Amino acid sequence: MKHQHTEIREAAVALLKKRFRRVYGGRWIAPAQADLPCVVVFIDGRDSRVFNDAPLEVEHRCRLTTMVCVQANDDADALAEEMLALVERLFYANP
């Protein structure tokens, strides 16, 4: 059985692969220059807190991070912004 964070990350990667050729899950660093442009997906943080005392309910939260990586050139900022906008639209359309 997979951990829930792994399932969340894998679902995000699968969604993003519908629109991007290179999507990497679980990496903390950017891939090699030959693998750019790409999207990197990872769990950046997690925490838990008591939501209700009686009956005891605990809220668990995790932060899913998407990072776009592009080659440095004159069009890098525009391409990164375009990719980020597409990522945002995909997650908005598929919560």
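## Basis

Helices (H or I, at least four residues) and strands (E, at least two) are DSSP runs, numbered from the N terminus. This is a predicted model: local features need pLDDT of at least 70, side-chain atom pairs count only at pLDDT 80 or more, and totals for chains, interfaces and linings use all residues. Residues are numbered from 1 along each chain as its sequence is written, and side-chain values use heavy atoms, with hydrogens and water left out.

## Thr65 in strand E3

Thr65 sits in strand E3 (residues 57–69). Beyond neighbours within four places in sequence, Thr65 is in contact (heavy atoms within 4.5 Å) with Val40, Val41, Phe42 and Asp44.

## H1 against H2

The axes of H1 (residues 4–16) and H2 (residues 76–93) come within 10 Å. They cross at roughly 115 degrees. Axes are lines fitted to C-alpha atoms, for helices over the stretch in contact, and angles run from 0 to 180 degrees between N-to-C directions.

H1 contributes Ala12, Leu15 and Leu16 to the contact. H2 contributes Val87, Leu90 and Phe91. By class, this contact has 6 nonpolar, no polar and no charged residues. Ala, Val, Leu, Ile, Met, Phe, Trp, Tyr, Cys and Pro count as nonpolar, Asp, Glu, Lys and Arg as charged, and the others, Gly among them, as polar.

## Lining of the largest pocket

H2 also supplies the largest share of the lining of the largest pocket, 4 residues. By class, that lining has 6 nonpolar, no polar and 3 charged residues.
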